[in-house]
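The following report describes the fold of a protein model, with the cut-offs behind each term given where the term is used.

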Amino acid sequence: MGETIILEVARYSPERDAEPTLQTYEVPFRKEWVILDALNHVKDQMDGSLTYRWSCRMGICGSCGMMVNGEPRLSCATFLSSYAGNGNKVRVEPLRYFPVVRDLVTEVSDFLGKLKTVKPWLIPQEEPPLTQEFLQTPEQLEDYKQFAMCINCTLCYSACPVVGLDPKFVGPAAIALAQRYNKDSRDRGAEERTAVLAHPDGIWGCTFVGECTRVCPKHVDPAGAIQQYKVKAALEWVKKLVMPWGDKDRQTKTEDVHNAAA
Amino acid sequence: MDTSTHDLLLVGGGGAGLRAAIAAAEVDSKLSIAVVSKVYPMRSHTVSAEGGAAGVVKPDDSLDEHAYDTISGGDWLCDQDAVEAFVKEAPLELTQLEHWGCPWSREPDGHIAVRAFGGMKKKRTWFAADKTGFHMLHTLFQTTLKYDPITRYDEWFVTKLLVDDGRVMGVVAIELMSGKIQAITAKAVILCTGGCGRVFPFTTNANIKNGDGMALACRAGAPLKDMEFVQYHPTGLPFTGILITEAARAEGGYLLNKDGYRYLQDYNLGTPEPKPVLRCMELGPRDRLSQAFVKEEQKARTLETPYGSVVHLDLRHMGEKVINTKLPFVRELCLKYQNIDPVTDLVPVRPVVHYMMGGVSTDSNGATPLAGLYAAGEVACVSINGANRLGSNSLPECLVFGARAGKAAAEFCLEHEAPHDRVLTQARDERQRLEKQFLHKSGGKERIATIRTEMQKAVETSAGIYREEKLLTEATGTLGELQHRFGNVMLDDRSHTFNTELQSALELGFMLDVAESIVQCALARRESRGAHQRTDYPARDDRSFLAHSLLFRNPDGTMRVEYAPVKVTRWPPGERVYGQAQEHPTEAKDEAKQDATLAPSRRAS
């Protein structure tokens with residue numbers, strides 16, 4: 001293990017470059033350093049023009065996603081030491097499948113637009129007064145909790161081959177977020193969200209490669225959410241054929257909420 | 001120059017900012033509301049809050065007890081009228097967030113679960129496992145998406161408040177993506193930019209916590225209040241400064257010195273028991289625990305590491321199941337960043353700068369003395385936190401005072417005329433300043449990081465857990481020199497596209513102002529109270545200092561400190577007592593009602 005490690009960083013400035021190039025920096029190798037510490041060392045001591053986003057440095061704000069040796073990773077949660085054996089070299093590039101603004105900074109407004117389309121807010125039937133909470137058992141919480149853990153870091157979009165082929169695909173994080181609300185016992189908005197999810201750019205775009213789940217730093221399972229939703233959507237379609245008079249399940253859920261608010 | 005205009009403009013999109021935006025939108029759906037934030041709102045530092053949010057909700061608890069814990073925890077520097085409003089509205093705000101979908105942890109019967117927290121005599125801290133801030137922020141952000149009147153300016157950096165004729169009328173901001181410098185005018189502005197932990201070298205705070213709002217307000221003529229009160233959280237991971245939540249102790253964790261001894265028993269915090277006891281030992285207030293650490297260090301009873309002395313947080317006896325259910329993020333952070341497992345290993349921890357009690361001086365509605373300017377959340381000082389904030393009071397503070405400021409500012413907008421074009425001249429001047437001072441400057445040789453590191457060292461050395469006149473005086477000199485050298489700063493980056501180096505330079509400028517305000521206020525307060533401990537004035541002095549510091553910036557750029565009375569309603573200043581023996585007034589003494597005439601209104605220097 002050397003005293004230093006080589007960082008190969010993708011550099012791109014729209015004011016100057018036609019396309020990205022790799023720039024090499026030799027930085028100290030310290031076992032407690034993550035990729036982000038190495039980038040900060042470059043920016044502070046060597047080249048103030050190196051451009052990237054970061055904030056919390058504890059894996060919760062979701063700002064610092066990058067491709068590290070070709071894998072989407074949070075740079076604050078990826079240790080340099082993991083790459084020490086690999087010719088003492090590590091390559092850092094912007095997250096794949098996003099337009100690059102500059103260096104390691106990607107354009108994420110399209111992603112935010114997609115989040116909004118799935119109506120990621122609670123759509124209750126009836127809100128109790130402010131002196132009273134909705135009842136929700138720990139088991140009911142457990143039903144949706146893992147889908148609520150998404151930090152919007154967009155690593156899953158960079159891992160998803162469908163996003164790469166079809167930029168209109170609403171994508172793993174947005175679908176998981178829709179499921180987060182659909183599966184919340186307080187919510188009655190599943191039908192409103194169906195319009196987006198059942199669209200060809202919604203869940204049906206997914207070919208179930210499962211890369212989104214594999215790269216998620218917060219152990220959310222977007223692939224699982226998509227599969228659950230596909231099954232549910234298929235069932236709904238069948239139900240509409242055989243039970244054109246209405247959805248009994250839905251009525252039961254409505255009774256539950258009245259009990260809960262009582 | 002490009003200009004856009006709104007009725008109300010918020011700077012910052014964290015817990016307080018988003019709550020304020022929704023509150024304003026609900027006052028009148030026709031108001032045009034802008035949220036200007038240097039990061040996407042869900043990146044805001046609220047996201048890092050772990051342990052929970054206090055609000056009285058259980059039948060064994062009362063608003064008076066929450067108020068008393070807060071006021072005694074704050075060493076009687078809180079404004080008690082504000083505290084009373086706060087404890088009353090906190091449960092309603094937390095319930096409102098529940099109605100918006102926040103995944104609060106629950107009792108088996110489906111009701112909200114609460115946990116113990118430091119300095120609190122009852123269990124009243126709502127939590128969403130140990131990612132409470134994360135869940136609150138994402139719930140708020142997602143909820144704002146359904147409000148059409150809210151326009152977001154994501155990744156816009158505010159450099160200046162526009163003030164004309166004693167009224168704030170908007171901001172100048174840089175769109176990071178394009179480098180465009182433009183004016184955004186508004187009838188009123190609410191600052192919700194959070195704290196300033198990055199003024200110190202070792203902090204739990206995110207990289208974005210640079211005291212932007214404090215410096216913006218102070219430069220615009222609004223006073224800062226109680227800036228000497230900086231909270232050290234007793235349990236940060238060495239090297240990174242990542243926070244290990246107080247909930248780890250509330251759920252039963254012990255603090256051990258190098259001999260495996262629960263040393264807090266030596267510091268007037270009660271006697272050790274196997275299970276956590278409220279307001280005792282590990283559940284004492286943060287200021288006292290951090291001070292106890294320094295005393296242990298002086299007795300050579302801490303452990304040495306390459307990143308400073310540490311003590312141990314012991315969670316092992318709690319078992320894997322409790323740790324996984326109640327403290328999953330603590331385990332994740334220890335495994336990922338410290339390579340240890342709290343289920344089987346001791347966690348090394350040391351005190352770490354965590355929170356700024358002081359901030360932009362506001363009343364209970366978030367209004368500053370400057371017309372049209374409001375503030376809420378950590379950037380503000382109402383004050384409900386006094387000389388030491390209790391854990392789990394800051395998240396509900398964001399909600400209660402975010403909502404109050406949003407409502408008050410919206411009403412201000414309905415009653416006032418649109419800003420006039422005169423302010424645009426100021427905006428053009430500001431653009432010229434940015435270009436001349438940074439982007440088009442030739443020469444200069446100072447690196448941002450060098451000045452920043454020296455500033456952090458100066459502030460930590462002088463205004464750390466213990467302070468004294470000599471070091472504080474030295475620091476004022478050092479900071480003055482650094483201000484001067486800052487004028488000689490050189491940027492490698494002259495690009496218009498996402499110029500993070502320009503942003504860092506402007507943040508450093510803000511931090512230098514904030515650093516000076518902390519040191520000046522610490523120097524002027526010749527007593528020890530809460531988180532402000534002067535070795536040369538070790539006692540609390542209510543005769544002279546039961547008063548808020550107010551820091552003003554003079555026209556020549558120097559600062560001056562004045563004092564304003566503390567509002568005492570029902571809890572006269574008393575002794576802070578922790579441990580089993582404490583007497584805890586369950587009912588406030590009405591006869592004690594007094595206006596804080598004790599407090600002198602005078603200048604310090």
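What percentage of the 605 residues in chain B do buried residues make up? Buried residues make up 62% of them, where a residue is buried if 20 or more other C-beta atoms, placed from the backbone, lie within 10 Å of its own.

This is a predicted model, in which local features need pLDDT of at least 70 and side-chain atom pairs count only at pLDDT 80 or more, whereas totals for chains, interfaces and linings use all residues. Residues are numbered from 1 along each chain as its sequence is written, and chains are lettered from A and ligands numbered from 1 in the order in which they are written.

Chain B has 15 helices and 21 strands, these being DSSP runs numbered from the N terminus (helices H or I, at least four residues; strands E, at least two). The radius of gyration of chain B, 23 Å, is close to the 25 Å of the globule rule for 605 residues, so the chain is as compact as a globular protein of that length; the radius is taken over C-alpha atoms, and the rule is 2.2 Å times the number of residues to the power 0.38.

In chain A, an open sheet with mixed pairing has the strand order β2-β1-β5-β3-β4, two strands being paired if DSSP finds at least two bridges between them. The edge strands, each pairing on one side only, are tabulated here.

| Edge strand | Residues |
|---|---|
| β2 (chain A) | 21-28 |
| β4 (chain A) | 71-74 |

Strands β1 (residues 4-11) and β5 (residues 89-93) of chain A run parallel and are joined by four bridges, with Leu7(A) opposite Val90(A).

How values were computed: A residue is buried if 20 or more other C-beta atoms lie within 10 Å of its own, exposed if 12 or fewer, and partly exposed in between; C-beta atoms are placed from the backbone.
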